[in-house]
Amino acid sequence: NILQTVKIHFQKLYSSLHRIPQEWAHVDRVGPTEELELTFALKQQNVHLLEEKLRLVSDPDSVQYGKHLSLEEVASLVRPSDLTEKVVHRWLQSHGITNCLTVRTQDFLQCTMTAETAERLLPGSRFHRYMRDGHYLVRSSAPYSVPNDVHHHLDFVGGLHRLPPKGLDLSKKQKSKAGFHLGVTPSILRTRYNLTSADVGSVQNNSQAVAQFLEQYYHPADLAEFMAMFGGGFQHRSEVDRVVGTQGGGKAGIEASLDVEYIMSTGANISTWVFTNPGDSGAGCRHLGKENTFRPSFPASSPYVTTVGGTSFKNPYKVTYEVTDSISGGGFSNIFKMPDYQTTAVNSYLKTVALPPKSYFNTSGRAYPDMAALSDNYWVVSNRVPVPLVSGTSASTPVVGGMLSLINDQRFMKGLPALGFLNPRLYKLNGKALFDVTEGCHYGCLDEQVQGQGFCAAPSWDPVTGWGTPNYPALLAVLLSD
């Protein structure tokens with residue numbers, strides 16, 4: 001059976017790639033009666049039609065530009081077939097699994113079961129407890145399989161293997177030099193990107209959101225303290241309007257605090273929800289025996305995400321022009337092909353710049369990031385304590401997100417639809433309304449071939465800082481012209 005052969009090969013490949021990162025210490029084997037939550041991704045229908053619809057509503061040259069689908073319309077398009085739902089539900093029920101929640105589109109099931117049941121359901125899986133920095137997670141130490149008649153109807157099962165990446169680096173030492181500014185705050189960002197105190201939200205039907213996928217949580221008291229310290233120069237909100245899901249207990253997480261505080265101080269005075277962040281580490285590195293390749297990150301490398309890279313001030317003590325932050329994530333996907341909206345820009349870069357060896361990256365893959373913002377030396381309030389020296393693209397991403405929320409605010413005032421998926425329009429701008437970043441490189445593999453260096457910034461688009469960083473008034477002007 002050809003399909004069966006392909007499936008077996010996939011499992012062997014997955015087994016060879018699956019490793020528990022060294023920073024996660026093994027604690028113990030999970031007991032058979034301990035309850036687990038697993039997520040089952042059912043095969044969607046009409047994905048090609050959804051992709052085409054997204055292209056049309058996101059292309060400013062299309063007559064359908066801005067005519068976004070409602071959630072109900074998306075659900076009717078991609079909902080799994082009756083056969084898929086029947087097969088998956090019957091498979092789960094045959095193992096006594098009935099405690100499941102679903103979503104509006106019916107393509108995800110989140111089910112609770114014992115570890116013993118999970119290991120019977122997914123042969124090969126073995127659940128263990130792991131710990132990093134006092135945080136515990138249960139994951140399988142081995143790959144899993146599903147019956148042949150079921151795997152045609154599933155994309156994947158979540159909750160077995162993926163682990164949160166390492167958190168933000170707080171170890172950078174501040175140089176002791178007289179006259180340095182104290183780090184990036186909302187006022188520094190507004191100065192650099194030309195936002196005034198009047199650039200805040202004002203319409204009622206606008207909102208923005210943060211998704212917390214690292215099992216970290218923000219604390220409302222931290223947000224209030226942050227705004228009291230750093231939000232005095234502009235109208236703002238000091239509370240999240242809605243939390244979807246369950247906020248965990250214990251200490252606040254730096255990443256979660258950073259996201260909420262900076263999207264709400266940049267996209268100031270806009271209703272914000274929290275759902276309970278491009279990766280850092282430069283080009284990344286995958287070690288394959290004696291040879292290495294760069295390791296693209298996900299979801300940063302998805303063609304359906306506007307990915308934000310990271311920059312630093314040229315002079316770390318003043319508001320100057322920006323250069324590459326060496327931890328800025330960027331590169332080329334090994335999974336997703338290069339989307340049409342970026343081929344001209346990316347191919348121009350590939351033809352004009354000195355590159356790492358071609359064996360290190362996929363020249364035909366989706367290239368990222370798309371744009372950038374400051375990602376170095378932020379102030380954050382976490383657990384009621386002001387924390388300096390916070391760095392990472394988890395900082396630059398909410399800053400850009402907040403600015404786009406402000407632009408949506410102005411579009412709504414003119415009777416225009418929300419921007420929606422930005423990339424097709426962003427690439428048509430060819431760098432207009434952004435500060436081009438042309439200096440610096442990010443990290444790559446530490447080996448003889450590339451000696452720790454990944455890609456380097458260049459004029460126009462590059463896989464370190466994208467098209468550059470936002471000049472807010474200019475970006476607002478071009479994105480208001482429909």
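The model is a predicted one, in which local features need pLDDT of at least 70 and side-chain atom pairs count only at pLDDT 80 or more, while totals for chains, interfaces and linings use all residues. Residues are numbered from 1 along each chain as its sequence is written, and side-chain values use heavy atoms, with hydrogens and water left out.

Val103 sits in the loop between strand E3 (100–102) and strand E4 (108–114); helices (H or I, at least four residues) and strands (E, at least two) are DSSP runs, numbered from the N terminus. Together with Phe108 and Phe156, Val103 makes up a nonpolar surface patch with about 240 Å² of accessible area. Areas of this kind come from the Shrake-Rupley method with a 1.4 Å probe, and for residues only the protein chains shown count as cover. Patches are made of residues with over 30% relative accessible area and no salt bridge, where like charges are joined within 9 Å and nonpolar side chains (Val, Leu, Ile, Met, Phe, Trp, Tyr) within 5 Å. A salt bridge, in turn, is a side-chain nitrogen of Lys or Arg within 4 Å of a carboxyl oxygen of Asp or Glu.

Now for the whole chain. It has 13 helices and 23 strands, and 50% of its 482 residues are buried. Its accessible surface comes to about 23,300 Å², with 54% of that belonging to carbon and sulfur atoms.

Two disulfides turn up in the structure (pairs of cysteine sulfur atoms within 2.5 Å). One joins Cys100 to Cys111, with 2.1 Å from S to S. This pair ties together distant parts of the chain, with Cys100 in strand E3 and Cys111 in strand E4, 11 residues apart. The link of Cys100 and Cys111 is right-handed, with 110 degrees about the S-S bond. Cys100 is partly exposed at 25% relative accessibility, whereas Cys111 is buried at 0%.

The other disulfide runs from Cys441 to Cys456, at 1.9 Å from S to S. Again distant parts of the chain are linked: Cys441 belongs to strand E21 (residues 441–443) and Cys456 to strand E22 (residues 453–456), 15 residues apart. The torsion about the S-S bond of Cys441 and Cys456 is about 95 degrees, which makes the disulfide right-handed. Cys441 is partly exposed, at 25%, while Cys456 is buried, at 17%.

Inside, the largest nonpolar core holds 69 residues, and those touching the most other members include Tyr262, Ile407 and Trp461. Such a core is a set of buried Ala, Val, Leu, Ile, Met, Phe, Trp, Tyr and Cys residues joined through side-chain atoms within 4.5 Å. A second, separate core of 25 residues includes Leu38, Leu154, Val157 and Leu160.

Most residues other than glycine have a negative phi, and most peptide bonds are trans. The bond from Tyr368 to Pro369, however, is cis, with omega near 10 degrees, and Pro369 lies in the loop between strand E16 (365–368) and strand E17 (371–374). Asn269 has a positive phi, near 65 degrees, and is buried at 16% relative accessibility.

Methods. Buried means under 20% relative accessible area, exposed over 50%, partly exposed in between (1.4 Å probe, protein chains only).
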